[in-house]
Amino acid sequence: MSAPSPSEEVQDAAQAHTARERLEARSVRLAMGMLGWLPLAWASGCGSALGWFLFRVVGFARREALRNLDIAFGDTLPIRARWAVAGRCYRLFGALLCEFLSLPRLKGERLWRHFVFDNLQVLAAAHAAGRGVVLLSGHLGNWELVGAGMVAAGYPITVYTGGQRNALVDGQINAIRAATGQRPVGRYSGGVRGLLRALRAGHVVALAADQHESTKRHYVAFFGQPVSVAAGPYQLARRSGAAVVYVRAVREGRFRYRATFEALPGARPGALPEAEEERDLLEFAQRMFALLERDVRAAPEHYFWMHRRFRPIPPEVTLSEENRAFLAGRLRGPVDSFREQPAAVPASR
């Protein structure tokens with residue numbers, strides 16, 4: 001038998017990938033169908049059990065979660081306590097997942113009953129200004145449900161979706177968001193222009209803005225570590241003149257969350273010299289990360305520790321003098337001590 005040609009191997013790989021995507025999408029549909037027959041409290045319980053299984057038995061991203069906790073808290077959180085926090089984190093996010101898949105069952109008043117809103121007048125005042133609202137959050141508590149809750153409270157919500165690797169699952173997730181009245185806009189379905197249009201229409205544009213930014217151009221401090229940040233939220237606020245609000249949504253019980261809003265200074269308007277604009281961007285992002293760090297310290301089990309948030313600065317990244325000066329004094333050590341070390345070159349024989 002002759003070996004397959006390279007084109008046949010590529011075609012077979014594509015077909016295998018498509019089959020895997022379809023299987024994942026069928027799994028999501030099956031889970032939604034099963035959860036649809038359960039009381040909501042049972043859905044939360046099933047998710048909690050799933051999280052326990054993923055952490056204790058499968059070990060999914062467990063090493064990364066424990067590593068992140070070690071970097072963030074160090075000796076202030078002993079090893080046994082790190083395991084306990086990570087275990088609760090997995091159970092909470094398992095519950096979050098199953099609650100999210102149950103969202104299409106809830107409409108209006110039924111959804112509203114699952115939230116307690118603190119300082120909702122902060123969002124109301126920002127929205128009344130008429131330029132839209134850039135609503136910033138991190139992956140703390142249930143960032144997915146809070147948008148649905150604000151729709152139930154009467155606010156027009158456009159949510160930025162980074163996109164999943166599986167396009168079929170990504171479509172299912174966005175369909176759930178849309179079923180609650182949110183308007184999903186992703187990188188490939190409108191992007192920045194779609195978000196700007198939403199702001200100009202007076203919408204609240206919600207972004208979870210704390211994950212690793214692949215372009216690695218700007219760095220702020222988070223738990224004394226340099227973390228890369230996206231310029232997108234700042235540019236949206238700057239170009240639209242929208243008000244900026246930070247929100248956290250912390251779980252208080254099965255399918256019950258408390259959302260709290262805090263007003264933040266917006267981006268500086270008008271033309272700015274390049275160095276001043278970068279400084280303004282860094283301060284804008286740092287304000288959100290400072291609030292997020294405060295909230296994570298208060299409830300560490302509510303944060304999404306499975307994501308590789310803390311990464312060394314790659315050798316190919318040249319920090320601007322403005323960014324280096326900004327980080328100085330905010331990190332646990334000199335800026336260059338957080339640079340990725342080049343791989344050792346094997347000795348020649």
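Helix H11 (residues 274–298) contributes the most to the lining of the second largest pocket, giving 4 residues, where helices (H or I, at least four residues) and strands (E, at least two) are DSSP runs numbered from the N terminus. This is a predicted model, in which local features need pLDDT of at least 70 and side-chain atom pairs count only at pLDDT 80 or more, while totals for chains, interfaces and linings use all residues. Residues are numbered from 1 along each chain as its sequence is written, and side-chain values use heavy atoms, with hydrogens and water left out.

The space in the second largest pocket is about 230 Å³, and of the 13 residues lining this pocket, Arg-217, His-218, Glu-274, Glu-278 and Ser-320 are the closest to its centre. Pockets and cavities are found on a 1 Å grid over the protein atoms alone: a cavity is a set of points where a 1.4 Å probe fits but cannot get out, a pocket is an open set with protein on both sides within 12 Å along at least five of seven lines, and lining residues have an atom within 4 Å of a point. Grid points are joined across faces, edges and corners, and a volume is the space filled by probe spheres set on the points. By class, the pocket lining divides into 4 nonpolar, 4 polar and 5 charged residues, with Ala, Val, Leu, Ile, Met, Phe, Trp, Tyr, Cys and Pro counted as nonpolar, Asp, Glu, Lys and Arg as charged, and the others, Gly among them, as polar.

His-218 also belongs to strand S6 (residues 218–222), of which 5 of 5 residues are buried, meaning under 20% relative accessible area, against over 50% for exposed and partly exposed in between (1.4 Å probe, protein chains only). Burial holds for both faces of S6, with His-218, Val-220 and Phe-222 on one side and Tyr-219 and Ala-221 on the other. Strand S6 runs antiparallel to strand S7 (residues 225–229), to which 5 bridges join it; two strands pair if DSSP finds at least two bridges between them. Phe-222 has Gln-225 as its bridge partner in S7, and in the hairpin, with 2 residues between the strands, Phe-223 takes a positive phi near 55°.

Phe-222 leads on to the aromatic rings. Rings of Phe, Tyr and Trp (its six-membered ring) pair if their centres lie within 6.5 Å, with planes under 30 degrees apart counted as stacked, over 60 as edge-to-face and the rest as tilted; by this rule there are 17 aromatic pairs. Phe-222 and Tyr-303 form an edge-to-face pair, at 6.1 Å centre to centre and 65° between the planes, and this pair links parts of the chain 81 residues apart.

The structure holds 3 cavities of 30 Å³ or more, and Tyr-303 is one of the residues lining the second largest cavity, together with His-139, Asp-210, Gln-211, Phe-304, His-307 and Arg-309. About 40 Å³ of space lies in this second largest cavity, whereas the largest cavity holds about 50 Å³ and takes the largest share of its lining, 3 residues, from helix H4 (residues 79–101).

Finally, the cysteines: a search of the whole structure finds 0 disulfides, a disulfide being a pair of cysteine sulfur atoms within 2.5 Å. For Cys-46, the nearest cysteine sulfur, that of Cys-98, is 6.4 Å away.
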